[in-house]
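We'll go stop by stop.

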Amino acid sequence: MHATPTPPPAPRQDRLALIADARRAVLHDGALAPAMGVEPWIERSWRRCLASGQRPEQRVGFDVVSSQVLRRTLESNHDLVDAARPVLQTLGRAIANTRFFAILTNASGVVVDVNGPIDRSDRRASMITRIGVDLSEACVGTTAIGAALAEQQPVWLHRGEHFFANTSVYSCAGAPLFGPDGACVGMLDLTGIEAVERPELRHLVVQSARSIENALTQRQPHSLMVRLNWTGHALGDDSDGMVCLDGDGWVTGANPTARQMVSQLGAFERERVHASELFALPFEMLFDA
């Protein structure tokens, strides 16, 4: 009996070619069917950009907000910048040899801090790393910044997956940042210019975002910080859930990990939550412990 040889697998289509096909279908041909080759959230962003009147061939100005708006932005995001700065410094050293750099924005997509190996002689880098430049989806189309803020999830975006043609030199990983009250306060982005695709950077940006969120939680006024973790995991690192309590046992803040571990914390955005509801024991026992 003679076995028929299995044909070799078809060569994998070039990733940039897949992106180009998707761009042609959605941005130029106006296809309504889901695009092949890009994530659904990218296509959603593209379609939002088209619906707002943007066109991919338009030039992007990378405009800086007015001095008055910038002053208010920096004042209102002082805690975010201060909490994130040590993390950005560590992240900047970690990515020193990758040709990527870090950008921190507020919840509106305005840059409030940067770090890492930024080539200031390269206009493509210097334009997007100015404090106060508006990198929201409304201003610069589909980017990791706008997508992370809109989708409120970590993202990776490569070259032509950006909406505008003249932003297709960038590759970016992004993750949203959530404050102690559960609201999105900004996002952390890693950007490279004409860099090889490195989707693993999404994991690095998520880890760094978690460190920033924990630093923000620790800054929240509290009389007691309760740390949570799953059985078998040691307490004391960035994987901990953190719950801040005032002197009467009311929750004053919590990090996203704690919200995932304790479902009742989801109500904290709408109403006050007491420790006795979370832990089914008198809150005084937590302080005694």
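What pLDDT does the protein chain average? The answer is 92, and 94% of the residues score at least 70; pLDDT is the predictor's confidence in each residue, from 0 to 100. Now select residues 6-12: here the pLDDT is below 50, and the stretch has zero contacts in the model beyond near neighbours in sequence. (Contact means heavy atoms within 4.5 Å.)

A word on ground rules. This is a predicted model, with residues numbered from 1 along each chain as its sequence is written. Local features need pLDDT of at least 70 and side-chain atom pairs count only at pLDDT 80 or more, while totals for chains, interfaces and linings use all residues; side-chain values use heavy atoms, with hydrogens and water left out.

**Stop one: a helix pair**

Select α1 (residues 15-28) and α2 (residues 40-51). Helices here are DSSP runs of H or I, at least four residues, and strands are runs of E, at least two, numbered from the N terminus. The two axes come within 11 Å and cross at roughly 35°; axes are lines fitted to C-alpha atoms over the stretch in contact, with angles from 0 to 180 degrees between N-to-C directions. Show side chains next: α1 brings I19, A22, R23, V26 and L27 to the contact, and α2 brings E43, W46, R47 and L50.

**Stop two: S76**

Jump to S76, in helix α3 (residues 67-76). Is S76 buried or exposed? S76 counts as exposed because its relative accessibility is 59%, and exposed means over 50% (buried is under 20%, partly exposed in between, with a 1.4 Å probe and protein chains only). A polar atom of the S76 side chain lies 3.1 Å from the backbone oxygen of T73. The S76 side chain also makes a polar contact with the side chain of N77, at 3.2 Å. Such a contact is a pair of N or O atoms within 3.5 Å; within protein, one must be able to donate a hydrogen and the other to accept it, and residues adjacent in sequence count only if both atoms are side-chain atoms.

**Stop three: helix α7**

Finish on α7 (residues 144-151), where seven of the eight residues are buried. They are A144, I145, G146, A147, A148, L149 and E151. Bring up the cover, which includes α2, β1 (100-106), α6 (137-140), β3 (155-158), β4 (170-178) and β5 (184-193). At the N-terminal end, T143 is the cap, with a side-chain oxygen 3.2 Å from the backbone nitrogen of I145. After α7 comes Q152, whose phi is positive, near 50°.
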